[in-house]
Amino acid sequence: MMTRLVLAAFLVATLSACGSDTLEPGDDTTINGSVTSDDASAKAPVEGAVVTAAAVSGSGSLSALDGTATTDAEGSFSLTTEATLDPVVLSASATGFASRA
């Protein structure tokens, strides 16, 4: 049986353009979080998971955003990607783990 991944993004979006309260073309944002296994007995950090982001349009379609991040030994990641006003969904994948539906 494959264990599932749990992705937790602690910081939804922080504009790297300091002092700015509006998004401008070319702005980046950083999303920090962690990935753990969804094992009921122990939610262990997952090292080496690849995290990506996609913007969700008003119609529900996904548009991949630039950038990827790889989790460290504690399952932590920091993903820098293009800023968007649309909601963002994160995805994590790692060898030996099933996708969470």
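Analyst: A nonpolar core is a set of buried Ala, Val, Leu, Ile, Met, Phe, Trp, Tyr and Cys residues joined through side-chain atoms within 4.5 Å. Buried means under 20% relative accessible area, exposed means over 50%, and partly exposed lies in between (1.4 Å probe, protein chains only). The largest such core here has 14 residues, and Val-35, Val-51, Phe-77, Leu-79 and Leu-90 have the most contacts inside it. At least two core residues come from each of S2 (28-37), S3 (50-56), S6 (76-82) and S7 (88-93). S3 gives the largest share, three residues. In soluble globular proteins, nonpolar side chains tend to be buried together.

User: What kind of model is this, and how are its residues numbered?

Analyst: This is a predicted model, in which local features need pLDDT of at least 70 and side-chain atom pairs count only at pLDDT 80 or more, while totals for chains, interfaces and linings use all residues. Residues are numbered from 1 along each chain as its sequence is written, and side-chain values use heavy atoms, with hydrogens and water left out.

User: Where in the protein chain is confidence lowest, and where is it highest?

Analyst: The score is pLDDT, the predictor's confidence in each residue, from 0 to 100. The mean is lowest in strand S1 (residues 3-15), at 49, and highest in S5, at 96. Over residues 10-19 the pLDDT is below 50, although this stretch has 20 contacts in the model beyond near neighbours in sequence. The protein chain as a whole averages 79, and 72% of the residues score at least 70.

User: What makes a stretch of the protein chain a strand, and how many strands are there?

Analyst: Helices (H or I, at least four residues) and strands (E, at least two) are DSSP runs, numbered from the N terminus. By that rule the protein chain has zero helices and eight strands.

User: Why is Thr-30 called buried?

Analyst: Thr-30 has a relative accessible area of 18%, and the limit for buried is under 20%; Thr-30 is therefore buried. This residue is in strand S2, where eight of the 10 residues are buried. Ile-31, also found in S2, is buried as well, with a value of 5%.

User: Why does Val-56 count as partly exposed?

Analyst: Val-56 has 22% relative accessibility, so it counts as partly exposed. Val-56 is found in strand S3.

User: Which residues does Val-56 touch, and what makes that a contact?

Analyst: Contact means heavy atoms within 4.5 Å. Not counting residues up to four places away in sequence, Val-56 touches Ser-61, Leu-62, Asp-86, Pro-87 and Val-89. Pro-87 is 31 residues from Val-56 along the chain, yet their C-alpha atoms are separated by 5.4 Å. Leu-79, leaving aside its neighbours within four places in sequence, has contacts that include Thr-30, Ile-31, Val-51, Ala-69 and Leu-90.

User: What makes the link between the side chains of Thr-30 and Thr-80 a polar contact?

Analyst: A polar contact is a pair of N or O atoms within 3.5 Å; within protein, one must be able to donate a hydrogen and the other to accept it, and residues adjacent in sequence count only if both atoms are side-chain atoms. The two side chains make such a contact at 3.3 Å, which falls within the limit of 3.5 Å.

User: How do you know that S3 pairs with other strands?

Analyst: Two strands pair if DSSP finds at least two bridges between them. S3 is joined to strand S5 (residues 69-70) by two bridges, to S7 by six, and to strand S4 (residues 62-64) by three. S3 and S5 run antiparallel, as do S3 and S7, and S3 and S4 pair in the antiparallel sense. Val-51 has Ala-69 as its bridge partner in S5, Val-50 stands opposite Ser-93 in S7, and Ala-54 stands opposite Ala-64 in S4.

User: What do S3 and S4 form, and which residue in the turn has a positive phi?

Analyst: S3 and S4 form a hairpin with five residues between them, and Gly-60 in the turn has a positive phi of about 95°.

User: How many bridges pair S2 with S6?

Analyst: Seven bridges pair S2 and S6 in the antiparallel sense, and Ser-34 has Ser-76 as its bridge partner in S6.
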